[in-house]
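Student: Can we go through this model piece by piece? I'd like the cut-offs spelled out as we go.

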Amino acid sequence: MPDPLGIRIAGTGRALPEKVVPNQWFVDRLDTTDDWIRERTGILERRVASDGESTATLATQAARKALADAKLTPADIDLIIVSTITPECQFPSTACFVQQALGGPPVPAFDVAAACSGFIYGLILSSYLLQNSPYRNILLIGAETMSRITDYEDRSTCILFGDGAAATILSAVSDANGPALLHHCMQAEGSGLSMLAVPAGGSRLPASKMTLDERLHYVKMQGREVYKLAVKRNLELIDTTLAEAGVKPDDIALVIPHQSNLRIIESARQRLGLPQDRVFTNIQRYGNTSAASIPIGLDECRESGRIKPGDLVLLVAFGAGLTWGSALIRV
Ligand code: UT7
């Protein structure tokens, strides 16, 4: 088991677009039903960015709230990381757009592209940096506008995704018994890369009339296969974390899983034998917001008092890449 890495969540904030798209919107346009969407995914509605909103505008809004929550200013931030697969543009990074919008002094800024596991990847990376560098405060944001890469003619994917962003400010802590990242795991297995991908628009398949005609700039997913792997990996992550960290399910105050499908979350909850109120869900309201889903959950739980100082909180995610990761934190 790795040594605990002293980190503290000094502040959080979230930004969700105001526009709400209920399941009925899809029922009116596609061969689907509200019952199918609710039963197969748990989703009732999602948020969708309007004209003028983008990954960077949502990320910046969330970052400002996190700064206010932490009682810090942009000048206190040493590094900006944005976890996203829907960047502002191909380059520069979305993190650079956030740096510009916040207006602080020059700092390192870059994006992490690990899809739904992106926030956990960023959290682990930040924790090591906070322990082994001069950086004291890192602004880590999960931000997505999945609606911009969603094919609204494909009923098997379009019902799933939503837009949103949430920011955390992570600060270095030296107290060995204080807040910390206690256990972590991050993995990727490229053999599954075609199961969930946007095939075109990059170096492999640049934009052309063909890619546009074949709608290859949108998310393509082998849903059933991804589902089965997500269940398997989530269970493995939970078992490994509990065994290696030497904690019992009852020790965990709250699990905040990536919000991909209520049934995937439910299978993990049953494995842990935890009551429903110890596993956080908000997929009903936001759908799958990829890298933003876990930090949105963290922010909602801090705000509502569902997690309190000293609590053990388990974060788990699985997504495109294929990537997966977990983080057991003492908040
Ligand atoms: O966040 C990253 C990781 N992502 C995930 O973990 C998502 C994983 N996948 C899933 O959540 C599920 O696979 C879906 C929700 C995408 C699909 O649910 P499913 O229970 O796996 O359905 P399925 O793909 O096996 O399809 C069952 C049937 C098919 O019809 P036939 O072939 O049985 O006649 C689909 O065509 O459901 C049909 N179907 C729909 N029917 C009504 C697919 N989408 C819809 C729809 N409305 N929107």
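Tutor: Start with the polar contact: a pair of N or O atoms within 3.5 Å; within protein, one must be able to donate a hydrogen and the other to accept it, and residues adjacent in sequence count only if both atoms are side-chain atoms. This is a predicted model, where local features need pLDDT of at least 70, side-chain atom pairs count only at pLDDT 80 or more, and totals for chains, interfaces and linings use all residues. Residues are numbered from 1 along each chain as its sequence is written, and side-chain values use heavy atoms, with hydrogens and water left out.

Student: OK, how far is the side chain of R263 from an oxygen atom of the ligand?

Tutor: An N or O atom in the R263 side chain is 3.1 Å from a ligand oxygen. On the nitrogen side, T32 places a polar side-chain atom 2.6 Å from a ligand nitrogen, and R155 has a backbone N or O atom 2.9 Å from a ligand nitrogen.

Student: What percentage of the ligand's accessible area does the protein cover?

Tutor: 75% of the 950 Å² that the ligand has on its own; areas come from the Shrake-Rupley method with a 1.4 Å probe, and for residues only the protein chains shown count as cover.

Student: How many residues surround the ligand?

Tutor: 24, with T32, R40, R224, N261 and N288 the closest; a residue counts if one of its heavy atoms lies within 4 Å. The largest share of that shell, five residues, comes from α8. Helices (H or I, at least four residues) and strands (E, at least two) are DSSP runs, numbered from the N terminus.

Student: Switching topic: which residues touch the most others in the largest nonpolar core?

Tutor: F26, I238, V255 and L314, out of 46 residues. Such a core is a set of buried Ala, Val, Leu, Ile, Met, Phe, Trp, Tyr and Cys residues joined through side-chain atoms within 4.5 Å. α8 gives the most to this core, nine residues.

Student: And what is I238 in contact with?

Tutor: A268, L272, L314 and V316, leaving aside neighbours within four places in sequence. Contact means heavy atoms within 4.5 Å.

Student: Last one: is V173 buried or exposed?

Tutor: V173 is buried, because its relative accessible area is 14%; buried means under 20%, exposed over 50%, partly exposed in between (1.4 Å probe, protein chains only). V173 sits in the loop between β7 (163–172) and β8. The C-alpha atoms of V173 and G6 are 4.7 Å apart, although 167 residues separate the two along the chain.
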